[in-house]
Amino acid sequence: MKKICLTLLLAACTAACLTPLPEIATLGQVSLPVANQETPWNSADYTGKPVLMVFMGSWCPWCKRTMPAVTEVAEAYGDKVEIIAVFMDRDAAPVQKAIKEHDFTVKSLYNGGELAETLEVQGLPHAVLFDKKHRAIKHWEGFDPDRATHFREALQKVTK
């Protein structure tokens, strides 16, 4: 009986070891237009540098309330981490209007719907932190008045 139990246990452990690990979302090769410049943003330009992407919509009131937190961490960590806003809007004009109305100085991309779908973004605002190898390591969804604190804590770890 002990041999049967041991054999079953060994078989279960072997099966568990052969089970593939879940796939980690990666940034991959991304190129998106920037709302207030002609040159597109390319992820390849930031190889070896962490990236914080905050998905937003120009129409989204919770996104607008998140803008100060994004600006705050961009001012503190912008030299160590590429911090960008990715708007779902298909055109630059509404994004330009929103960033002007809210004095939002963070690099703002638009037409980010396909990227959001690839990264399984479910709601807005939604932030994804990618490490230096551009693997997704942290997600935040929805508005949180303490978002800047949460961003800072994660950015401190990724910039060490």
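Mentor: A85 lies in strand 4, residues 82–87; strands (E, at least two residues) and helices (H or I, at least four) are DSSP runs numbered from the N terminus. The model is predicted, with local features needing pLDDT of at least 70 and side-chain atom pairs counting only at pLDDT 80 or more, while totals for chains, interfaces and linings use all residues. Residues are numbered from 1 along each chain as its sequence is written, and side-chain values use heavy atoms, leaving out hydrogens and water.

A85 counts as buried because its relative accessibility is 0%; buried means under 20% relative accessible area, exposed over 50%, and partly exposed in between, with a 1.4 Å probe and protein chains only. Setting aside neighbours within four places in sequence, A85 has contacts (heavy atoms within 4.5 Å) with V54, M56, F104, V106, K107, S108 and L109. G57 is 28 residues from A85 in sequence, and their C-alpha atoms are 9.5 Å apart.

Strand 4 is also one of the elements against which the buried residues of helix 3 pack, together with helix 2 (61–77) and strand 5 (107–109). In helix 3, residues 92–101, the buried residues are A92, V95, A98 and I99. Seen down the helix axis, they fall within an arc of 130°, so they line one face of helix 3; the arc is that of the directions from the axis to the C-beta atoms. On the other side of helix 3, the residues A93, K97 and K100 are exposed. Just after helix 3 comes D103, with a positive phi of about 45°.
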